[in-house]
Amino acid sequence: MPDKERKYKFSWKDTVGADMNAARPSLGPNTRIEVYRLFQFTLRDILEQHYGTEMADTLFREAGALAGRSFFEQYLSDAKDVSSLAAKIRDSFSEFGMGIFRVEEAAPDNGHFIFTIDEDLDCSGLPDTADVICVYDEGFIQGILESFSGRGFDVREIDCWCTGSRTCRFEAKNRV
Ligand SMILES: [Zn+2]
């Protein structure tokens with residue numbers, strides 16, 4: 001679909017970037033996790049009903065990657081190297097209450113990383129399931145890494161709160 005015909009082409013400036021002092025002078029910029037999760041998990045429910053589980057995950061991951069690229073441009077783009085990027089991710093994730101981000105393994109030359117997120121915004125505290133659920137985070141990390149490096153990455157969650165790990169662990173591999 002051509003961009004000029006689209007109603008919802010994402011723009012930080014026109015959505016997330018609204019002036020909250022003007023928009024919400026008394027309520028301010030914060031809301032609660034309940035509202036975020038209500039939005040996320042109802043949207044997932046509907047996407048799954050319409051398109052099946054695999055496509056719902058694919059769409060969520062893709063949206064996460066778009067978010068990750070936008071987040072990078074907004075808050076991380078002056079990172080000079082992998083360690084300053086990691087510090088900026090850690091600080092911004094903490095500031096926005098998204099989770100406690102750590103680098104567990106980093107082999108930038110091989111394009112391989114393992115990251116963990118504790119107290120993850122999406123899944124922390126949810127009941128145990130057989131499967132990981134943080135596909136939006138997978139995309140988010142992918143978008144950040146791709147924006148930073150200019151290379152393609154595949155990111156998969158290998159442990160999740162929901163699989164009993166109580167931390168979310170993500171493996172990122174350079175796409176060859
Ligand atoms: Zn998770």
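User: How many of the 15 residues of α5 are buried?
Analyst: 11 of the 15 residues of α5 are buried, so the helix is largely enclosed by the rest of the structure. Buried means under 20% relative accessible area, exposed means over 50%, and partly exposed is in between (1.4 Å probe, protein chains only). Helices (H or I, at least four residues) and strands (E, at least two) are DSSP runs, numbered from the N terminus. This is a predicted model, where local features need pLDDT of at least 70 and side-chain atom pairs count only at pLDDT 80 or more, while totals for chains, interfaces and linings use all residues. Residues are numbered from 1 along each chain as its sequence is written, and side-chain values use heavy atoms, with hydrogens and water left out.

User: What do the buried residues of α5 pack against?
Analyst: They pack against α2 (33-51), α3 (53-76), α4 (82-95), β2, β3 (153-159) and β4. Among the buried residues are V135, F140, I141, I144 and L145.

User: What span should α5 have, and how far apart are its end C-alpha atoms?
Analyst: At 1.5 Å a residue, its 15 residues should span 21 Å, and the end C-alpha atoms are 21 Å apart, which agrees. The expected span is 1.5 Å times one less than the number of residues. Just after α5, G150 has a positive phi of about 75°.

User: Which residues have the most contacts inside the largest nonpolar core?
Analyst: F93 and I144, in a core of 29 residues. Such a core is a set of buried Ala, Val, Leu, Ile, Met, Phe, Trp, Tyr and Cys residues joined through side-chain atoms within 4.5 Å. The elements giving two or more residues to this core are α3, α4, β2, α5, β3 and β4.

User: And what does I144 touch?
Analyst: Leaving out residues up to four places away in sequence, I144 touches G68, R69, F72, L76, L85, I89 and F93. Contact here means heavy atoms within 4.5 Å.

User: Switching topic: what coordinates the zinc ion?
Analyst: C123 (SG), C134 (SG), E157 (OE), C160 (SG) and C168 (SG) do, at 2.2 to 2.7 Å. Donors are N, O and S atoms within 2.8 Å of the metal (3.2 Å for Na, K and Ca), and water is not among the atoms, so sites may look incomplete. Along the chain, the donors follow the spacing C-x10-C-x22-E-x2-C-x7-C. C123 lies in the loop between β2 (112-118) and α5 (135-149) and C168 in strand β4 (residues 168-174), so this pair ties together parts that are 45 residues apart in sequence.

User: Are C123 and C168 buried or exposed?
Analyst: C123 is buried at 0% relative accessible area, and C168 is buried too, at 1%.

User: Which residues does R37 touch?
Analyst: R37, in helix α2, touches T42, D120, L121, D122, C123, S124 and L126, again not counting residues up to four places away in sequence. R37 is buried yet has no salt bridge, and the nearest side chain of opposite charge, D120, is 6.0 Å away. A salt bridge is a side-chain nitrogen of Lys or Arg within 4 Å of a carboxyl oxygen of Asp or Glu. For charge, Lys and Arg count as positive and Asp and Glu as negative, with His and the chain ends not counted.

User: Where is E119, and what is its phi near?
Analyst: E119 is in the loop between β2 and α5, with a positive phi near 55°. At 57% relative accessibility, E119 counts as exposed.
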